[in-house]
Amino acid sequence: MDPPGGVEVKDDLYFNPYFPGQSIAMAPALYNEIIEYEDGTPATVTQLAKDVCTFLKWAAEPDHDDRKRMGMKALTLLALLAAASYYYKRHRWSVLKSRKIVYRPSPHS
């Protein structure tokens with residue numbers, strides 16, 4: 001970025017607010033309009049940085065999409081199993097839950 005007013009930077013250095021001393025010899029890696037997007041997206045430094053971050057995240061976890069897909073399949077299967085076991089429980093225990101227990105004392109007491 002350009003240095004703010006009142007800050008002097010030597011000719012062979014670049015301003016960097018995050019670097020100690022705020023001067024660095026490495027030139028900026030990203031510039032506006034260094035590539036062209038097919039869909040007409042403006043190639044700003046912010047957009048390029050976002051694209052680089054998205055690529056690095058994908059490169060760090062290439063199995064992310066497969067894991068998400070497998071997780072959705074597992075959740076669907078578990079939901080079906082839960083519904084089936086709930087129905088089975090209701091069916092099996094309905095006899096015990098609907099019975100009536102009556103205390104009849106013996107006539108000999």
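**Note on the predicted model**

1. Start with the largest pocket. Its lining comprises 15 residues, and Met1, Phe15, Asn16, Pro28 and Ala29 are the ones nearest its centre. The space inside is about 300 Å³. The lining splits into 13 nonpolar residues, 2 polar and no charged. Keep in mind that this is a predicted model.

2. Next, the salt bridges. The count is 3. Glu61 pairs with Lys57 through their side chains, at 3.4 Å from N to O. Arg67 also meets Glu61, here at 2.7 Å, N to O. On accessibility, Glu61 is partly exposed at 33%. Lys57 is partly exposed at 47%, and Arg67 is likewise partly exposed at 47%.

3. Another bridge sits within a helix. Asp66 and Arg69 are joined by a salt bridge of 3.1 Å, N to O. Both residues belong to helix α2 and are 3 residues apart, about one turn of the helix. Asp66 has a relative accessible area of 45%, so it counts as partly exposed. Arg69 is partly exposed too, at 48%. As for shared partners, salt bridges link Lys57, Glu61 and Arg67 into one network.

4. Helix α2 spans residues 64-98 and includes Leu78. Leu78 contributes to a nonpolar surface patch of about 530 Å², together with Met72, Leu75, Leu77 and Leu81. Is Leu78 buried or exposed? Leu78 is exposed, because its relative accessible area is 52% and the cut-off for exposed is over 50%.

5. Two backbone angles deserve a look. Most residues other than glycine have a negative phi. Gln22 has a positive phi, near 60°, and is not a glycine. Gln22 lies in the loop between β1 (14-15) and β2 (23-24). With 34% relative accessibility, Gln22 is partly exposed.

6. Glu33 is the other case to check. Its phi is positive, about 60°, although Glu33 is not a glycine. Where does Glu33 lie? Glu33 is in the loop between β2 and α1 (45-60). Glu33 counts as exposed because its relative accessible area is 58%, over the 50% cut-off.

7. Thr41 is located in the loop between β2 and α1. Its relative accessibility is 26%, so Thr41 counts as partly exposed. Thr41 and His108 are 67 residues apart along the chain, and their C-alpha atoms are separated by 96 Å.

Note on methods. Residues numbered from 1 in each chain as written. Predicted model: local features only at pLDDT ≥ 70, side-chain atom pairs only at ≥ 80, totals over all residues. Heavy atoms only, no water. Patch = residues over 30% accessible without salt bridge, like charges linked within 9 Å, V, L, I, M, F, W, Y side chains within 5 Å. Areas by Shrake-Rupley, 256 points an atom, 1.4 Å probe, with all protein chains shown as cover. Salt bridge = Lys/Arg side-chain N within 4 Å of Asp/Glu carboxyl O. Helix = DSSP H or I, 4+ residues; strand = E, 2+ residues; numbered from the N terminus. Buried < 20%, exposed > 50% of the residue type's maximum accessible area, 1.4 Å probe, protein only. 1 Å grid on protein atoms, 1.4 Å probe; cavity = no way out; pocket = protein on both sides within 12 Å on 5 of 7 lines; lining within 4 Å. Points joined across faces, edges and corners; volume = space filled by probe spheres on them. Nonpolar A, V, L, I, M, F, W, Y, C, P; charged D, E, K, R; others polar.
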